[in-house]
Amino acid sequence: MSAREVARDVVLAVDRDDAYANLLLPARIREAGLSPADAGFATELAYGTLRWQGLHDALIADAAGRPIDEIDPTTLATLRIGSHQLSRMRTPVHAAVHETVALLGKHKGRAGFANAVLRRLSEVPAEERLARLTGTMTDDDRLALETAHPAWVLRALRRSLDREGAADELGALLAADNDPPAVQLVALPGIADPDALDGAPTASPIGRVAPPGDPARLPQVADGSWRVQDAGSQLAALALTRARPVRAGERWLDLCAGPGGKAALMAAEAAAAGASLEANELLPHRARLVRDAVRGIRPRPDVVVGDGRRYGRGETAGAFDRVLLDAPCTGLGALRRRPEARWRKQPTDVPELAALQADLLEAASRAVAPGGLVAYVTCSPHLAETRAVVERAAALGLVPVDTRSVVRELSPGIALGETGDAVQLWPHRNGTDAMFMQLLTTA
């Protein structure tokens with residue numbers, strides 16, 4: 001299997017099967033036995049195509065003279081990777097057209113159509129075609145297409161920045177979303193020393209930038225003492241575990257633990273401080289990921305399966321000293337690392353997610369002990385998923401804790417906007433996902 005075929009199949013699986021590129025691509029690269037150079041090409045092609053999919057679809061529809069929903073999924077995925085090679089990579093035209101069309105094999109009708117579309121795309125520079133397409137658009141629609149962000153996402157990001165008086169940073173944020181991030185690692189506390197790895201520091205005190213290459217090949221990652229984790233996620237967990245000294249015997253709860261990155265970090269912190277962790281996950285297959293993530297940490301935390309909204313009743317009422325609510329959300333804060341996420345959600349998804357987030361926060365408020373801490377965290381800057389949710393905390397008997405001071409102590413010199421007690425991280429400012437976090441305690 002060639003690098004182009006791997007990339008095309010990943011793009012197709014994301015579109016047709018709702019697959020996750022970050023999980024599927026590494027497996028397909030290993031199965032294909034690609035060389036490091038070909039693996040790099042497949043990675044750039046797959047992630048780049050998914051990141052710029054909205055732009056490619058507009059270019060393809062224009063060149064094909066038909067809407068993309070009238071093109072079969074296999075041919076469309078092939079056209080998307082071809083468009084990306086022509087418009088955003090330095091691939092020679094002949095290779096971008098001929099070798100991409102060849103992926104359609106003996107399907108003469110599909111291959112002929114794809115060949116014609118890609119040749120039309122190659123005849124007109126993408127910038128020229130885009131300028132014509134955007135000539136009559138509103139400013140928002142033009143910017144959305146040029147930066148490959150759905151217009152509703154662009155407006156949501158602008159509103160969140162404007163809340164900080166930083167609407168003029170929108171362009172920098174959109175550019176950062178399209179800039180593939182360096183892989184960041186975390187040294188599990190009590191297990192690994194952050195200074196033992198020669199890598200640039202991150203916003204997290206226990207994080208480092210991974211050296212080039214596959215991080216799974218690093219001995220520290222292979223033995224589980226280091227993990228791949230964005231520094232924003234590290235800070236979200238550490239804000240809860242290090243906001244105040246830990247008393248031996250404390251009980252901690254990770255309410256929505258899958259896939260387990262923050263649970264592993266909290267478990268290591270708990271083990272080092274004499275606390276215990278319970279990690280809850282709704283879905284059994286994600287609970288298995290949590291168990292894999294915490295394997296090797298002793299004492300091993302309890303991993304349980306169930307709806308997080310059940311907590312805070314019966315024996316779990318007021319049972320936990322610290323509760324992490326890393327709430328299910330749109331994921332708009334991780335567009336650098338999950339390029340397809342921007343095309344997966346719709347604005348109609350937000351109210352349902354916000355209602356779930358509010359319900360889970362209510363459960364956390366019931367489950368936390370008097371004087372305990374709750375961390376409300378989302379990997380989204382959307383105001384409806386962040387500030388609008390924590391504004392309901394007072395009615396639940398929770399009051400804000402100065403999270404900005406906690407994060408500044410963890411990460412001296414970190415750039416934070418004027419956001420009250422909460423912390424909103426940004427890719428273009430902090431080199432992290434756009435993680436939101438608010439610590440709360442009982443009134």
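Me: Phe436 first: is it buried or exposed?
Reply: Phe436 is buried, since its relative accessibility is 0% and the cut-off for buried is under 20%. Keep in mind that this is a predicted model.

Me: Which ring does Phe436 pair with, and in what geometry?
Reply: Its partner is Tyr376, with the ring centres 6.4 Å apart and the planes at 70 degrees, so the pair is edge-to-face. Tyr376 is buried too, at 0% relative accessible area.

Me: Which charged end sits over the ring of Phe320?
Reply: That of Arg251, 4.6 Å from the ring centre. Elsewhere, the charged end of Arg88 sits over the ring of Trp52, 3.6 Å from its centre.

Me: Switching to the largest nonpolar core: which residues touch the most other members?
Reply: Leu235, Leu425 and Met437, out of 47 residues. Elements that each supply at least two core residues include α13, β8 and β11. Leu235 touches Leu425 and Met437, and its other contacts include Val407 and Ile414.

Me: Last one, Ser225: where is it?
Reply: Ser225 is in the loop between α12 and β3, and is buried at 11% relative accessible area. Its side chain makes a polar contact with the side chain of Asp223 (2.7 Å).

Note on methods: Residues numbered from 1 in each chain as written. Predicted model: local features only at pLDDT ≥ 70, side-chain atom pairs only at ≥ 80, totals over all residues. Heavy atoms only, no water. Core = buried A, V, L, I, M, F, W, Y, C linked by side-chain atoms within 4.5 Å. Buried < 20%, exposed > 50% of the residue type's maximum accessible area, 1.4 Å probe, protein only. Helix = DSSP H or I, 4+ residues; strand = E, 2+ residues; numbered from the N terminus. Contact = heavy atoms within 4.5 Å. Polar contact = N/O pair within 3.5 Å; in protein donor to acceptor, adjacent residues only side chain to side chain. Phe/Tyr/Trp six-rings, centres within 6.5 Å; stacked < 30°, edge-to-face > 60°. Lys NZ or Arg CZ within 6 Å of the ring centre and 35° of its normal. Lists of a residue's contacts leave out its neighbours within four places in sequence.
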